[in-house]
Amino acid sequence: MERTMILCWFLLLCIPMAYGGYYSKTESFVSNLRKVTNLRFFFHGILGGENTTAVTVASANSSLLGPSNSIVVDHAPLTVGPEPTSKTIGNAQGLEVFAGRDTTTVVVYLDFGFTEGELNGSSISVFLRNPATETERELAVIGGRGKFKLAEGYALLKTIFISNTSLVVEYNVTVIHY
């Protein structure tokens with residue numbers, strides 16, 4: 001009995017060291033369970049007023065950095081169409097870091113949470129530099145939850161409408177997930 005306990009303790013102590021302690025041996029993983037989902041929705045941003053969706057939480061107080069250096073938090077609706085009255089299917093929450101002297105470049109981290117239909121409770125996260133002055137651009141899908149576990153992919157963005165107080169952006173997203 002005592003030998004068995006010593007052997008068990010030896011195995012418990014030595015096996016983790018053989019794999020480097022805090023990680024296990026890397027093994028290849030091949031799966032044909034990956035799925036591709038294509039999404040199309042519209043982001044509606046409103047600046048100022050009663051229904052504002054974006055609030056500046058930090059701003060540089062320096063003429064050297066330029067006027068556009070700030071951090072904005074977002075909570076904006078996602079709809080099936082470009083009209084503000086279109087059916088809401090979710091919301092975008094996240095951060096936008098505005099940085100640039102000559103042009104407005106936005107580093108974007110947004111989580112798109114879906115609240116309707118088959119995707120209810122699922123979300124995708126995007127992150128990348130977003131050259132906001134360009135009509136068409138691309139963001140990387142870097143993760144997800146719910147039906148989009150282990151998501152990756154890309155989002156093609158197209159500005160549909162922009163003014164001093166509002167913004168409508170079309171998102172065509174290709175999500176690769178399990």
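In this predicted model, the chain's secondary structure comes to one helix and nine strands. Read from the N terminus on, the elements run α-β-β-β-β-β-β-β-β-β. Of the 178 residues of the chain, 31% count as buried, and the accessible surface comes to about 11,700 Å², of which 59% belongs to carbon and sulfur atoms. Among the contacts in the chain with a separation of 6 or more, 46% are accounted for by residues 24 or more positions apart.

In soluble globular proteins, nonpolar side chains tend to be buried together. Here the largest nonpolar core has 25 residues, and those with the most contacts inside it are Phe 112, Phe 114 and Tyr 171. The elements that give two or more residues to this core include strand E1 (35-46), strand E5 (105-114), strand E6 (123-130) and strand E9 (166-177). Strand E5 gives the most to this core, with five residues.

What is Phe 112 in contact with, leaving aside its neighbours within four places in sequence? The list holds Phe 41, Phe 43, Leu 78, Asn 91, Ala 92, Ser 122, Ser 123, Ile 124, Val 126 and Tyr 171.

**Glu 170, a residue in strand E9**

The place of Glu 170 is in strand E9. Is Glu 170 buried or exposed? Glu 170 counts as buried because its relative accessibility is 11%, and the cut-off for buried is under 20%. The side chain of Glu 170 makes polar contacts with the side chains of two residues, as set out below.

| Side chain | Polar contact with side chain of | Distance |
|---|---|---|
| Glu 170 | Arg 40 | 2.7 Å |
| Glu 170 | Asn 172 | 3.3 Å |

Not counting residues up to four places away in sequence, Glu 170 touches Arg 40, Phe 41, Phe 42, Leu 156, Leu 157, Lys 158 and Ile 160.

**Leu 128, a residue in strand E6**

Leu 128 lies in strand E6, and with a relative accessibility of 37% Leu 128 counts as partly exposed, because that term covers values between the 20% limit for buried and the 50% limit for exposed. Leaving aside its neighbours within four places in sequence, Leu 128 is in contact with Val 106, Val 107, Val 108, Glu 138, Leu 139 and Ala 140. Leu 128 and Tyr 109 are 19 residues apart in sequence, and they are 7.0 Å apart in space, C-alpha to C-alpha.

Note on methods:
Residues numbered from 1 in each chain as written. Predicted model: local features only at pLDDT ≥ 70, side-chain atom pairs only at ≥ 80, totals over all residues. Heavy atoms only, no water. Core = buried A, V, L, I, M, F, W, Y, C linked by side-chain atoms within 4.5 Å. Buried < 20%, exposed > 50% of the residue type's maximum accessible area, 1.4 Å probe, protein only. Helix = DSSP H or I, 4+ residues; strand = E, 2+ residues; numbered from the N terminus. Contact = heavy atoms within 4.5 Å. Polar contact = N/O pair within 3.5 Å; in protein donor to acceptor, adjacent residues only side chain to side chain. Areas by Shrake-Rupley, 256 points an atom, 1.4 Å probe, with all protein chains shown as cover.
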